[in-house]
Each structure stands twice: as structure tokens, then as C-alpha cells.
Amino acid sequence: MRVLEPRPIAVRSPAPRQVHHHPVNRRSDQDHQERGDAVALRLTRSGSTLRIDAAPGGTGPRTVQMVRYTPERTAKITRGENAGHTLRYANVTEDWQVLGTWPGTAPLSMEVAAPGDKPVVVLLQRGTDGPIVAAKQVK
């Protein structure tokens with residue numbers, strides 16, 4: 001029987017990962033205006049209809065989105081590590097719809113159904129995956 005002698009094992013440690021810290025985006029309206037992104041957005045709610053108006057501006061098309069949410073919701077937890085607790089959740093998204101694309105070269109004026117009393121937020125986003133260039137809430 002042959003006995004093996006222990007041999008040192010070369011261990012390669014992985015290269016250190018680079019961590020990129022992204023600063024919080026705190027652009028002001030003035031910053032957006034300087035970049036040509038500023039869009040004046042106005043919402044008017046009448047019954048179950050929401051009217052969305054925006055002045056032309058910015059460069060490139062904008063995706064118009066509508067978010068419906070519940071400001072606060074409580075839930076009784078019946079299973080798991082939080083069983084027996086009641087938790088409060090804030091700003092729970094109930095619905096998120098892409099309403100369409102707006103070229104930004106002419107005024108935007110559209111009406112959409114917004115039944116019920118849940119608050120509504122409208123977002124204008126540059127392209128389909130760019131920054132949000134305007135947001136407005138109506139309760």
C-alpha cells in the first residue's frame with residue numbers, strides 16, 4: 001500500500017471585485033432644462049377620467065406610463081417567521097400601464113380611464129429604458 005504525502009495546494013484567490021457606487025440622482029428642474037429634458041406635465045382628474053397634458057419639449061420620444069397605487073395597506077401574517085404580526089405597507093403598486101409613446105414635438109393631450117379613488121402617478125420616460133423626465137401625482 002502506498003501512502004500519499006500531503007502536498008501544498010496552490011489556491012488562487014479571485015480577483016477583487018470592483019464596486020461602483022452610483023450617486024443618487026438629484027437632478028433639479030434646471031438640470032433637466034439645461035439638458036433639454038424638461039417637460040411640463042399637467043394632470044386633471046374628473047370622475048373616472050384622467051386627462052394628461054404636456055407641453056412639447058425635450059429630445060426624442062417619451063414613453064407615457066400610468067401607475068395606480070394604494071397609499072397604505074395592512075396585512076396579517078399567518079405563516080413564516082412573521083406569523084402573528086400585522087405589517088403595514090406603504091405605496092403598494094396596484095397597476096402599471098404603458099399608455100403609449102409621445103414624440104414630444106407636439107403637445108400631448110390624452111384621456112384615460114382611472115376609476116376608483118386610488119391615487120395616480122403619470123411618468124414620462126425618455127425612450128423605453130431612459131431616465132424619467134417628468135412625473136406627476138393626482139389623488
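Strand β2 pairs with strand β5 (residues 108–113) in the antiparallel sense over six bridges. Strands are DSSP runs (E, at least two residues), numbered from the N terminus, and two strands pair if DSSP finds at least two bridges between them. The model is predicted, with pLDDT of at least 70 needed for local features and 80 or more for side-chain atom pairs, while totals for chains, interfaces and linings use all residues. Residues are numbered from 1 along each chain as its sequence is written, and side-chain values use heavy atoms, with hydrogens and water left out.

On β2 (residues 49–54), antiparallel pairing over six bridges also joins strand β1 (residues 41–46).

Bridge partners include the following.

| Residue | Partner | Strand of partner |
|---|---|---|
| S46 | T49 | β2 |
| I52 | M110 | β5 |

Together the strands form an open sheet of three in the order β1-β2-β5, with antiparallel pairing. Because β1 and β5 stand at the edges with a single partner strand each, one side of each is left without a neighbour in the sheet. From one strand to the next, the twist averages 15 degrees; axes are lines fitted to C-alpha atoms, and angles run from 0 to 180 degrees between N-to-C directions.

Key: Helix = DSSP H or I, 4+ residues; strand = E, 2+ residues; numbered from the N terminus.
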